[in-house]
Amino acid sequence: MTRYLVAVTACISGVAHTYMAAERFEKLCQQEKWSVKVETQGALGTENAITAEDIARANVAVLITDIVIDGAERFATCRSVQTTTRIFLLEPHKVMSVVEQAFNLPNGTHLKVS
């Protein structure tokens with residue numbers, strides 16, 4: 001079974017950490033052979049926007065954010081993992097371990113990595 005994830009990355013300034021987190025998350029998912037779509041909410045606005053269809057198809061949503069993101073309510077009914085860009089960039093495998101656990105939890109479960 002192919003796993004499909006969606007993610008949103010956003011940092012305070014909307015520049016470096018937003019895109020660093022997106023790139024690292026994509027690489028880690030590729031290593032796991034998981035399909036992924038990453039939306040960035042940075043200085044250039046929202047790029048690669050996640051659609052309602054993407055969310056409905058996703059096994060887990062991963063929110064790697066330091067700010068309140070636009071459209072956060074979209075993820076209310078799906079499994080999600082929330083963390084900061086700092087934690088993700090310093091401890092990506094810790095976050096990915098929680099993502100792995102989330103696959104087996106009920107929809108609507110929201111986990112936080114701190």
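In what follows, two residues are said to be in contact when they have heavy atoms within 4.5 Å of each other. By that criterion, and leaving aside neighbours within four places in sequence, Phe-25 is in contact with Leu-5, Ala-7, Val-36, Val-38, Val-62, Ile-64, Phe-88 and Met-96. The structure is a predicted model, in which local features need pLDDT of at least 70 and side-chain atom pairs count only at pLDDT 80 or more, whereas totals for chains, interfaces and linings use all residues. Residues are numbered from 1 along each chain as its sequence is written, and side-chain values use heavy atoms, with hydrogens and water left out.

The secondary structure of the chain comes to four helices and six strands, where helices (H or I, at least four residues) and strands (E, at least two) are DSSP runs numbered from the N terminus. From the N terminus on, these elements follow the order β-α-β-β-α-β-β-α-α-β. The chain has a radius of gyration of 13 Å, close to the 13 Å that the globule rule gives for 114 residues, so it is as compact as a globular protein of that length; the radius is taken over C-alpha atoms, and the rule is 2.2 Å times the number of residues to the power 0.38. Along the principal axes, the C-alpha atoms fill a box of roughly 35 × 30 × 25 Å. Of the contacts in the chain with a separation of 6 or more, 63% are accounted for by residues 24 or more positions apart.

Buried residues make up 46% of the 114 residues in the chain, a residue being called buried under 20% relative accessible area, exposed over 50%, and partly exposed in between (1.4 Å probe, protein chains only). The chain exposes about 6,100 Å², of which carbon and sulfur atoms supply 53%; accessible areas come from the Shrake-Rupley method with a 1.4 Å probe, and for residues only the protein chains shown count as cover.

The interior was then described in terms of nonpolar cores, each a set of buried Ala, Val, Leu, Ile, Met, Phe, Trp, Tyr and Cys residues joined through side-chain atoms within 4.5 Å. The largest nonpolar core has 23 residues, and those with the most contacts inside it are Leu-5, Phe-25, Val-60, Val-62, Phe-88 and Val-99. Two or more residues are given to this core by each of the elements β1, α1, β4, α3 and α4. A second, separate core of 12 residues includes Tyr-4, Ala-61, Ile-69 and Phe-75.

Helix α4 (residues 92-102) has as its buried residues Pro-92, Val-95, Met-96, Val-98, Val-99 and Ala-102. Seen down the axis of α4, these buried residues fall within an arc of 155°, so they line one face of the helix, the arc being that of the directions from the helix axis to the C-beta atoms. The cover over the buried residues of α4 includes β1 (4-10), α1, β4, β5, α3 (85-90) and β6 (110-112). Within α4, Val-99 is buried at a relative accessible area of 0% and, not counting residues up to four places away in sequence, touches Leu-5, Trp-34, Val-60, Val-62 and Val-81. Val-99 and Val-81 are 18 residues apart in sequence and 6.4 Å apart in space, C-alpha to C-alpha. Thr-83, in strand β5, is buried at 1% relative accessibility; leaving aside neighbours within four places in sequence, Thr-83 is in contact with Leu-63, Ile-64, Thr-65, Phe-88, Val-95 and Val-113.

Side chains of opposite charge can pair when their charged atoms come close. With a salt bridge taken as a side-chain nitrogen of Lys or Arg within 4 Å of a carboxyl oxygen of Asp or Glu, the count comes to four salt bridges. One of them joins Lys-37 and Asp-54 at 2.8 Å, N to O. Lys-37 lies in strand β2 (residues 35-42) and Asp-54 in helix α2 (residues 52-57), so the pair ties together parts that are 17 residues apart in sequence. Lys-37 is buried at 18% relative accessibility, and Asp-54 is buried at 11%.

Another salt bridge is formed by the side chains of Arg-74 and Glu-39 (3.0 Å, N to O). Arg-74 lies in the loop between β4 (60-65) and β5 (80-83) and Glu-39 in strand β2, so this pair ties together parts that are 35 residues apart in sequence. Arg-74 is partly exposed, with a relative accessible area of 26%, whereas Glu-39 is buried at 1% relative accessibility. Lys-27 also forms a salt bridge with Glu-23, the closest N and O atoms being 3.3 Å apart; as the two are four residues apart in helix α1 (residues 16-32), about one helical turn separates them. Lys-27 is partly exposed at 46% relative accessibility, and Glu-23 is partly exposed at 45%.
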